[in-house]
Amino acid sequence: MTESAATAAPEVSVIVPISERYGDLEAIFREFGGELTRMGASFEFVFVVDGSQRACLPALRRLRDAHAGAVRVFVLGKSFGEAATLAVGIERATGATVVTLPSYFQVGPEGLRESFRILADGGADVVIGKRHPRQDAFVNRAQAAVFHWLAGRATGTHFADVSCGFRVMRRAVADELTLYGDLHRFIPVMAVNRGLVVQEVALPQRAEDRPSRYAGVGIYLRRLLDLLTVFFLIKFTRKPLRFFGLLGSVAFGLGAIITIYLGIYRILGFGGISGRPLLVLGALLLVLGVQCVSLGLLGEIIIFTHARRVSEYRVAEIL
Amino acid sequence: MTPDRLELSVVVPVFNEQDNVEILFNEIAEVLRGVSVRWELIFVDDGSTDATFARLRALRGADPRVRVIRFRRNFGQTPAMQAGFDAASGDVVVTMDGDLQNDPRDIPRLLDGIRAGHDFVIGWRKDRKDKLFTRKIPSWLANRLIARITKIPIHDNGCSLKAYRREVVQRTQLYGEMHRFIPAMMSLSGCTFREIVVHHRARRFGSSKYGLSRTLKVLSDLLLVKVLTGFTTRPALWFGLTSVPFFVLSALFLARSAYDYAVAPLEETVSIVFPTTALLFAAAFANLLLLGMVAELVVWSGDYRESESILPAADVMEKLN
């Protein structure tokens with residue numbers, strides 16, 4: 001490869017965040033790179049290795065030495081998680097089109113051609129893969145179905161496979177997605193919320209994606225909290241008090257009813273209330289209510305005083 | 001100075017108003033032909049799904065004074081107004097609805113109000129052409145309440161036909177559904193305004209995007225504005241004041257439990273209901289105080305400055321007259 005070809009910005013940047021588990025990275029490069037070559041697109045692979053997955057580095061070194069200029073590798077100092085690795089990859093990508101891939105085969109490269117065509121036609125801003133038909137075990141499929149049903153209810157979107165790692169988008173769109181925590185799972189949802197058009201493309205699930213799906217209580221809990229976060233981010237970032245205020249007023253109202261009841265009970269002389277644990281419950285609900293509302297108010301103050309820095313609308317076009 | 005120096009930006013948020021935009025443009029152009037100002041007309045297409053944008057594109061092609069901002073999706077009227085304000089370059093910004101219910105013939109009179117030195121001029125639809133029970137009565141009630149709470153006698157907060165000096169809108173950042181309270185918020189921060197009676201016409205094309213349920217939301221938003229303007233200027237004070245009742249309650253229950261312990265014979269146990277209640281209230285008290293400090297930090301790091309929102313009018317006055 002000549003010097004100039006190595007330094008010119010490629011058309012496509014393929015970002016592979018390696019943070020949880022990884023498969024045959026060289027095979028990923030071979031298959032997806034081969035497809036891109038057949039499509040006649042110049043490309044670079046950006047591998048971002050989370051601090052916890054350094055074991056894959058020898059393979060990546062071999063890859064980089066064999067394909068100088070087409071493979072770039074970044075290693076994070078410690079374990080920052082998938083969203084951070086992905087964000088680093090997007091930041092370092094130089095291509096006009098960004099493809100993100102999971103670090104193992106979820107789907108094959110055959111969807112690239114169609115995804116690029118959809119992007120070029122302007123039919124969508126983000127194309128994501130949808131593993132279909134699925135080869136997973138029944139338990140995994142049931143679990144995914146429940147998760148997607150919940151996610152759909154909470155966010156008002158309908159994705160069949162929201163967390164599929166295969167995504168294609170233009171560079172500007174990728175730059176716009178702020179990723180932190182576990183939000184990379186909800187990229188399509190956040191994109192829709194920003195007014196971007198997201199399209200799913202059905203791709204057959206690869207056999208490599210099937211084994212070793214772990215599922216523990218901790219994982220379920222994290223997914224639920226993620227959902228709650230996304231739900232809040234989408235619905236209430238601009239009106240935190242509506243969210244907290246509702247919760248708070250319910251608690252405060254219940255607390256008020258209980259304490260007023262006890263107060264009347266005491267004043268009318270039905271008996272003492274020093275032995276009634278109900279009073280503790282009433283006080284607790286009052287306190288909880290006030291805390292909720294005041295936290296919501298604090299959120300509202302944050303938005304109110306920082307409103308100039310966050311633009312609420314997204315412009316599609318200016319004539 | 002020649003009056004030509006006055007530049008006017010008309011901001012019109014539109015959402016599915018395909019039959020109205022062209023008529024509106026013609027009406028505005030007709031009215032402004034008689035006024036010697038340079039003007040621009042900014043349409044903000046809030047994610048319309050009908051032919052609105054195509055019509056706007058045609059208008060833009062025919063007249064360079066038309067500018068069009070198209071949102072990716074429907075974000076709401078407040079963001080649309082804000083986008084228009086962000087893009088406006090005139091000395092005076094006039095906002096109006098895209099449904100033809102406002103009459104562009106009122107614009108020159110709004111301009112006269114600005115020329116007379118007011119920071120903003122708002123329209124009052126004294127003779128509204130809307131449904132009585134779902135629109136007029138709730139709106140009348142809401143306006144009475146807003147006037148009561150803010151102590152600013154505005155008859156018609158909901159009228160979109162308003163004119164502002166640009167400096168005024170540039171200092172205001174709208175979010176949520178705040179566009180209704182621009183007048184109330186602005187006069188709370190010391191701006192002067194005048195209310196003038198404007199024409200109001202019945203809807204000809206398209207359908208209304210408002211309903212009764214809006215009024216309730218408006219009222220809760222209004223309370224929020226009132227609370228926010230108070231809390232944001234002195235958060236620690238207001239959170240502190242909110243915490244006082246909890247301090248009192250906690251002290252009362254604590255005193256009572258101390259008394260119970262003091263008089264109870266040694267071998268008898270005392271119920272823990274009162275001490276626990278006292279501690280709960282004490283926790284709430286402490287929490288509110290601490291939250292007040294965090295709020296102080298938030299405000300300190302933010303951009304809201306009360307003193308900034310009171311604007312010097314002299315420089316603009318000079319330019320206008």
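User: How many residues of chain A are in contact with chain B, and how many of chain B with chain A?
Analyst: Happy to start there, and please keep in mind that this is a predicted model. Contact here means heavy atoms within 4.5 Å. With that cut-off, the two sides that meet are 45 residues of chain A and 54 residues of chain B.

User: What area is buried between chain A and chain B?
Analyst: The size of an interface is often given as the accessible area lost when the parts come together. Carbon and sulfur atoms give 66% of the area buried between these chains. The area itself is about 4500 Å².

User: Which residues form the salt bridge across the interface of chain A and chain B?
Analyst: Side chains of opposite charge can pair when their charged atoms come close. Across this interface the rule finds 1 salt bridge. Its closest N and O atoms are 2.7 Å apart, and the partners are A:E176 and B:R72.

User: Which element gives the largest share of the side of chain A that touches chain B?
Analyst: Several elements of chain A each supply at least two residues to that side: α8 (187-193), α10 (240-267), α11 (278-306) and β8 (315-318). The residues on that side divide into 25 nonpolar, 8 polar and 12 charged. The largest share, 19 residues, comes from α11(A).

User: Which residues of chain B does A:V280 touch?
Analyst: A:V280 has its place in helix α11 of chain A. Its C-alpha atom is separated by 9.6 Å from that of A:G255, a residue 25 places apart along the chain. Leaving out residues up to four places away in sequence, A:V280 touches B:V273, B:T276, B:T277 and B:L280.

User: Which residue of β3(B) stands opposite A:E317?
Analyst: Here strands from the two chains come together: 3 bridges join β8(A) to β3 (residues 66-71) of chain B. The two strands run antiparallel. Opposite A:E317 stands B:R70.

User: What is the angle between the ring planes of B:F120 and B:F193?
Analyst: The count over all chains comes to 23 aromatic pairs, and B:F120 with B:F193 is one of them. This pair links distant parts of the chain, with B:F120 in strand β5 (residues 120-124) and B:F193 in strand β7 (residues 193-197), 73 residues apart. The rings lie 5.4 Å centre to centre and count as stacked, with an angle between the planes of 15°.

User: Where in chain B is B:R55, the salt-bridge partner of B:D19?
Analyst: Over all chains the count comes to 26 salt bridges, and the one between B:D19 and B:R55 has an N to O distance of 3.9 Å. B:D19 sits in the loop between β1 (7-14) and α1 (21-33) of chain B. Its partner B:R55, 36 residues apart, lies in helix α2 (residues 52-62) of chain B.

Key: Residues numbered from 1 in each chain as written. Chains lettered and ligands numbered in written order. Predicted model: local features only at pLDDT ≥ 70, side-chain atom pairs only at ≥ 80, totals over all residues. Heavy atoms only, no water. Buried area = accessible area lost by both parts, 1.4 Å probe. Salt bridge = Lys/Arg side-chain N within 4 Å of Asp/Glu carboxyl O. Helix = DSSP H or I, 4+ residues; strand = E, 2+ residues; numbered from the N terminus. Nonpolar A, V, L, I, M, F, W, Y, C, P; charged D, E, K, R; others polar. Pairing = 2+ DSSP bridges. Phe/Tyr/Trp six-rings, centres within 6.5 Å; stacked < 30°, edge-to-face > 60°.
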